[in-house]
Amino acid sequence: MEYFIELLFSGLTRGSIYALIALGYTMVYGIIGLINFAHGEIYMIGAFTAYIVSSVLAIYGFPTLGIIVMAGLAAAIWSSAYGYTIEKVAYRPLRHAPRLSPLISAIGMSIFLQNYVLLAQTSDFLAFPELIPEFEFMEPVAHIVGSTDMVILVTTATVMVLLTLLIKFTRIGKAMRATSQDKVMATLVGINVDRVISTTFIIGSSLAAIGGVLIASHIGQINFFIGFLAGIKAFTAAVLGGIGSIPGAVLGG
C-alpha cells in the first residue's frame with residue numbers, strides 16, 4: 001500500500017505539471033478555437049530562463065528563497081513576452097484565414113523555437129538546480145511525497161481556483177467569455193478582442209513557465225526537446241478533460 005501511495009503521488013505530481021500546461025491550451029482554444037502547438041516550447045523556454053537566472057543569482061550568493069522567487073518571476077515574464085509575440089506574429093495575421101493555416105503556423109513556430117533554443121543553448125541535457133528545499137515538517141512522509149511534489153500539487157490547485165475566479169468574476173474574465181461566445185458581438189459592445197486574446201496568451205504562457213520551473217527543479221535536468229513531449233501530454237490532458245474547461249484540464253492532467 002505504501003508503494004502504491006508513493007506511485008500515486010508521483011503520478012499526481014507529473015499530472016499537475018501537465019495540467020498547468022493544459023490550462024494554456026484550453027484557454028486559447030476556448031477563446032479563438034486554436035490549438036497552440038507552440039505552447040510546449042513556451043514551457044521549455046520558461047525552464048531555460050529559470051536555469052540561467054538561478055545560475056547567475058547563485059554565483060552572486062543570493063539566498064535560496066530569493067533565487068526561487070526571482071527565477072520564477074523572470075521565467076513567467078519572459079515566457080509571457082514570447083506568448084504575446086507568437087500570437088501577434090504567427091496567429092493574428094491568420095485570424096480570418098482557413099482553420100488549417102493557423103494550425104500549420106503553430107507547428108512551424110514550435111519547430112522554430114525548438115531549433116532556436118538548440119542553437120542558442122545546447123543539445124545536451126543540463127543539470128537544473130534543486131530550487132525547492134526540503135521542508136522539515138514533511139520529514140515523516142518524505143519517502144512518499146517530497147517537498148517539491150507538495151509545492152507542485154498546491155501550486156496547481158491554487159492556480160486552478162484563481163483562474164476560475166478570474167474568468168467568472170473579473171472584468172477581463174467576462175470579456176474572455178464574451179469573446180469566446182461571439183467575437184463580432186463582443187467588438188460591437190466595446191470589447192477590445194485583440195487585447196483579450198493577447199491577455200489570454202500571456203496568462204497561459206506564464207502558467208506554462210511556472211510548470212517548466214517546477215518540473216525542471218523536480219527532475220533535475222532540462223534540454224531543448226522537453227517542451228514537445230510535455231506539450232503532447234498536456235494537449236492530451238486538455239482534450240481528455242473537455243478542451244475549453246479549466247477544471248477539466250486539471251482533471252485530465
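1. Val-145 touches Phe-9, Met-138 and Met-150 when residues up to four places away in sequence are not counted, a contact being heavy atoms within 4.5 Å. The residue sits in the loop between β1 (126-127) and α5, where helices (H or I, at least four residues) and strands (E, at least two) are DSSP runs numbered from the N terminus. Val-145 is buried, at a relative accessible area of 5%; buried means under 20% relative accessible area, exposed over 50% and partly exposed in between, with a 1.4 Å probe and protein chains only. Although Val-145 and Ile-5 are 140 residues apart in sequence, their C-alpha atoms are 8.8 Å apart in space.

2. A word on the basis of these values: this is a predicted model, in which local features need pLDDT of at least 70 and side-chain atom pairs count only at pLDDT 80 or more, while totals for chains, interfaces and linings use all residues. Residues are numbered from 1 along each chain as its sequence is written, and side-chain values use heavy atoms, with hydrogens and water left out.

3. The largest nonpolar core has 66 residues, and those with the most contacts inside it are Leu-23, Tyr-43, Ile-86, Tyr-91 and Ile-222; such a core is a set of buried Ala, Val, Leu, Ile, Met, Phe, Trp, Tyr and Cys residues joined through side-chain atoms within 4.5 Å. Its largest share, 12 residues, comes from helix α8 (residues 193-219). Tyr-43, leaving aside its neighbours within four places in sequence, is in contact with residues including Ile-17, Ile-21, Ala-208, Ile-215 and Ile-226.

4. Helix α1 (residues 2-32) and α8 have axes that come within 9 Å and cross at roughly 170°, the axes being lines fitted to C-alpha atoms, for helices over the stretch in contact, with angles from 0 to 180 degrees between N-to-C directions. That angle makes α1 roughly antiparallel to α8, since angles under 35 degrees count as roughly parallel, over 145 as roughly antiparallel, 65 to 115 as roughly perpendicular and the rest as oblique. The residues of this contact divide into 15 nonpolar, six polar and one charged, where Ala, Val, Leu, Ile, Met, Phe, Trp, Tyr, Cys and Pro count as nonpolar, Asp, Glu, Lys and Arg as charged, and the others, Gly among them, as polar.

5. The axes of helix α5 (residues 147-169) and helix α6 (residues 171-181) come within 5 Å and cross at roughly 75°, and the two helices are therefore roughly perpendicular to each other. By class, the contact of α5 with α6 has five nonpolar, one polar and four charged residues.

6. Nine aromatic pairs are found in a search of the whole structure; rings of Phe, Tyr and Trp (its six-membered ring) pair if their centres lie within 6.5 Å, and planes under 30 degrees apart count as stacked, over 60 as edge-to-face and the rest as tilted. The rings of Tyr-91 and Phe-201 have centres 5.6 Å apart and planes at 40°, so this pair is tilted. Tyr-91 lies in helix α3 (residues 64-91) and Phe-201 in helix α8, so the pair ties together parts that are 110 residues apart in sequence. Tyr-91 is buried at 3% relative accessible area, and Phe-201 counts as buried at 4%. Elsewhere, Trp-78, Tyr-82, Phe-112 and Tyr-116 form one aromatic cluster.

7. Asn-223 has its place in the loop between β2 (221-222) and α9 (226-240), and is buried, with a relative accessible area of 7%.
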